[in-house]
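The sequence and the structure are shown below.

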Amino acid sequence: MAALQTDSGSRPAAGARFFCTAGRGLEPFLMREVQARLAATQVEYISGKVFFTTCSDLNMLKKLKSAERLFLLIKKQFPLNVSSVSKGKIFNEMQRLVNDDPESWLSAISIWKNLLELDAKKDKLSQRDANPLKRKVEENDITNPKKLKTEQMQELQESRECQLEKQMEEETVEQGDFLTSREKPPEAFQNDVVKAADTPDRKDLTFRVSCRCSGTLAKTFTAQEVGRVIGIALMKQYGWKADLRNPNLEIFIHLNDIYSVVGIPVFRVPLASRSYIKTAGLRSTIAWAMASLAEIKAGAFVLDPMCGLGTILLEAAKEWPDVYYVGADVSDSQLLGACDNLKAAGLQDRIELLKVSVIELPLPSESVDIIISDIPFGKKFKLGKDIKNILQEMESRSCQLHL
């Protein structure tokens, strides 16, 4: 394990400091991925977390496949001393996470705001480029205004005003709905954060604290107690307002016997929750890691003979597109779920599904380049005495076998 170093989230010369949470055993995969995909530097890990520095924007950060969640780092330091110390002193130690280095907090907010602003600008440009008709009208307005008649100009202006009024009404309704029943959409959330962070003292920011405690500290304090202490310290130090339901910012704190880590979640939805997977099967991060071990090359024939809901094939096809993928299973319900996932991901034409047993595959020997499969186990899915025949059958069909 990498040695623990005290660290702050201030922006170094080479970029911003982040960390990702990872499933047990996936830290090496994530370390390699951030180096390859993000050109990350200062990569290190502690159990369940990988820390790194990168200049990448949100669009690139979203592409991480082996990470659970992504955070902008505020602080990483040694654990709090809870042995033979009064609760009051421990509370003071917790408050020092906020009070001792205010620059790291303010710097993290600035970096977070800059990331959101850059992402919002790119979204606007991509939306404009995706609508050539609108762009053509705008270009004509700029280059040839004299060619438009007065009536046409008035109609165009009225149309725009109507659209603006309609948009404002919809936004007002959405905000009203949020106050009673649902959270704001991501776009509104980003706008609120940028607007609040733009104020000189940033006192318009609203926040909530999410805590995770383990080890000795968890025997003494609950996560709610720690969250309350940190929350009060933030309100006193920066004048921010607590909002447990729909805050601008969420502050994440993990305290245990090995380290104390503080960060800001970069995305509200975890990276591991893939937008292109309708029905989850095998954990997406594990499926991607399995596919990455296969070293898939363009033009290969890849088979999952017990594909289930097709998660491994989906992750592989998204990452390595120029490949022929086939999934097989004997369960109608699993194949129906896999079919729905392929449609949701738009991969129907790149992955073929077959209803057939693994020992009856209609394929000649050594015709498959790579076999990747998560062999079923447990009470619901078990192979029993057939496992030996299945393994022999898969080995005879493939040049590479990854289980």
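Leu354 is partly exposed, because its relative accessible area is 25%; buried means under 20% relative accessible area, exposed over 50%, and partly exposed in between (1.4 Å probe, protein chains only). The residue belongs to strand S12 (residues 351-355). Helices (H or I, at least four residues) and strands (E, at least two) are DSSP runs, numbered from the N terminus.

Leaving aside residues up to four places away in sequence, Leu354 touches Val326, Gly327, Ala328, Asp329 and Leu335, where contact means heavy atoms within 4.5 Å. The C-alpha atoms of Leu354 and Val330 are separated by 8.5 Å, and these residues are 24 apart along the chain.

## Basis of the model

This is a predicted model, in which local features need pLDDT of at least 70 and side-chain atom pairs count only at pLDDT 80 or more, whereas totals for chains, interfaces and linings use all residues. Residues are numbered from 1 along each chain as its sequence is written, and side-chain values use heavy atoms, with hydrogens and water left out.

The protein has 13 helices and 14 strands. Of its 403 residues, 43% are buried. Among contacts between residues at least 6 apart in sequence, 77% join residues at least 24 apart.

## Strands S10 and S11

Strand S10 (residues 301-304) and strand S11 (residues 324-329) run parallel and are joined by 4 bridges; two strands pair if DSSP finds at least two bridges between them. Val302 has Tyr325 of S11 as its bridge partner, and Asp304 stands opposite Gly327 in S11.

In a regular strand the side chains alternate between the two faces of the sheet. Both faces of S10 are covered: Phe301 and Leu303 are buried on one side, Val302 and Asp304 on the other. S11 is largely enclosed by the rest of the structure, because 5 of its 6 residues are buried.

## Packing of helix H10

Two packed helices are described by the angle between their axes and the distance between the axes. Axes are lines fitted to C-alpha atoms, for helices over the stretch in contact, and angles run from 0 to 180 degrees between N-to-C directions. Helix H10 (residues 284-293) packs against helix H11 (residues 311-319) at an angle of about 65 degrees, with the axes 8 Å apart. Ser284, Ala287, Trp288, Met290 and Ala291 of H10 meet Thr311, Ile312, Glu315, Ala316 and Glu319 of H11 in this contact. The residues comprise 6 nonpolar, 2 polar and 2 charged; Ala, Val, Leu, Ile, Met, Phe, Trp, Tyr, Cys and Pro count as nonpolar, Asp, Glu, Lys and Arg as charged, and the others, Gly among them, as polar.

The axes of helix H1 (residues 27-38) and H10 come within 11 Å and cross at roughly 75 degrees. H1 and H10 are therefore roughly perpendicular to each other, a term for angles of 65 to 115 degrees. This contact involves Phe29, Glu33 and Arg37 of H1 and Trp288, Ala289, Ser292 and Leu293 of H10. By class, the residues are 4 nonpolar, 1 polar and 2 charged.

Most residues other than glycine have a negative phi. Ala39, in the loop between H1 and strand S3 (41-46), has a positive phi near 55 degrees. Ala39 counts as exposed at 58% relative accessibility.

Gln42, found in strand S3, also has a positive phi, of about 50 degrees, although it is not a glycine. The relative accessible area of Gln42 is 51%, so this residue is exposed.

How values were computed. Angles under 35 degrees count as roughly parallel, over 145 as roughly antiparallel, 65 to 115 as roughly perpendicular and the rest as oblique.
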